[in-house]
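Please open the structure in your viewer and keep a selection tool at hand. The tour below moves from one selection to the next and says what is found at each stop.

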Amino acid sequence: MNERPNIVLIGMPGSGKSTVGVLLAKRTAMDFIDTDLLIQSAEGQTLQEIVDGAGYQALRHIEERVLCELNAHGAVISTGGSAVYSDAAMSHLKTNGRVVFLDVSLATVQHRIGDYSLRGISKRPDQTIDELFAERNALYRRYADLIVDCDALNQEQACQAVLDQLR
């Protein structure tokens, strides 16, 4: 049963991709891959160090390379919030995966992540979190096979909601 499709989680920072991803992997007996960790491991730097040193565009370029090189089967893949800026990366992930958008409101994002300047978020220097949210929300919806409204859900409930929709 090695040919199970991947479950690819997309969404804003603070939407629960990593936490819900781990729960999904445990519940489905699948591997878990956090692509932010793959980027950090490949580059030997945190996401914030990449943004600070080379800029947000460099982070997006590295992310695209890492995602396009990913060859996973039967895994839950938690992507970085900016994965959707790369059509090539998203097309690659969709070849063997169902893309699930963990949808949360801007208020929830702001509450969960607090000071987003410490998160290694790939955004233009002049861009507000509100502008980033609006820009990305359209991209998440474009690439999603399934949309799960996680605003009023805890991580366990979000995991169950994803499983319910995948069935």
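The stops that follow cover the nonpolar cores, the cysteines, one backbone angle and the salt bridges. Please keep in mind throughout that this is a predicted model.

**The nonpolar cores**

Begin by selecting Ile 10, Leu 24, Ile 77, Met 90, Val 100 and Leu 102, which are the residues with the most contacts inside the largest nonpolar core, a set of 46 residues. In soluble globular proteins, nonpolar side chains tend to be buried together.

Now return to Met 90 and display its surroundings. Which residues does Met 90 touch, if those up to four places away in sequence are not counted? The contacts are with Ile 10, Ala 83, Val 84, Val 99 and Tyr 143.

**The cysteines**

Next, select Cys 150 and Cys 159 and show their sulfur atoms. How many disulfides does a search of the whole structure find? The search finds zero, and Cys 150 is accordingly in no disulfide, the nearest cysteine sulfur being that of Cys 159, 10 Å away. Because the sulfur of Cys 159 is 10 Å from the closest cysteine sulfur, in Cys 150, the two are too far apart for a bond, given that a disulfide requires cysteine sulfur atoms within 2.5 Å. Cys 150 counts as buried, with a relative accessibility of 1%, and Cys 159 counts as buried as well, at 0%.

**A positive phi**

Move on to Ala 29, which you will find in the loop between α1 (17-28) and β2 (31-34). Phi of Ala 29 is near 55°, a positive value in a residue other than glycine. Most residues other than glycine have a negative phi. Is Ala 29 buried or exposed? With a relative accessibility of 65%, Ala 29 counts as exposed.

**The salt bridges**

The remaining stops concern salt bridges, of which the structure holds seven. Select Asp 145 and Lys 94, whose side chains meet in a salt bridge at 2.8 Å, N to O. This pair links distant parts of the chain, since Asp 145 sits in the loop between α7 and β5 (146-149) while Lys 94 belongs to helix α5 (residues 87-95), 51 residues apart. Asp 145 is partly exposed at 37% relative accessibility, and Lys 94 is partly exposed at 30%.

Select next Arg 141 and Asp 103, whose side chains also form a salt bridge, at 2.8 Å, N to O. Here too distant parts of the chain are linked, with Arg 141 in helix α7 and Asp 103 in strand β4 (residues 97-103), 38 residues apart. Arg 141 counts as partly exposed at 39% relative accessibility, whereas Asp 103, at 14%, counts as buried.

Finish with Glu 135 and Arg 124, whose side chains meet in a salt bridge at 3.3 Å, N to O. Glu 135 lies in helix α7 and Arg 124 in the loop between α6 (106-113) and α7, so the pair ties together parts that are eleven residues apart in sequence. Glu 135 is partly exposed at 28% relative accessibility, and Arg 124 is partly exposed with a relative accessible area of 31%.

Key. Residues are numbered from 1 along each chain as its sequence is written. This is a predicted model: local features need pLDDT of at least 70, side-chain atom pairs count only at pLDDT 80 or more; totals for chains, interfaces and linings use all residues. Side-chain values use heavy atoms; hydrogens and water are left out. A nonpolar core is a set of buried Ala, Val, Leu, Ile, Met, Phe, Trp, Tyr and Cys residues joined through side-chain atoms within 4.5 Å. Buried means under 20% relative accessible area, exposed over 50%, partly exposed in between (1.4 Å probe, protein chains only). Contact means heavy atoms within 4.5 Å. Helices (H or I, at least four residues) and strands (E, at least two) are DSSP runs, numbered from the N terminus. A salt bridge is a side-chain nitrogen of Lys or Arg within 4 Å of a carboxyl oxygen of Asp or Glu.
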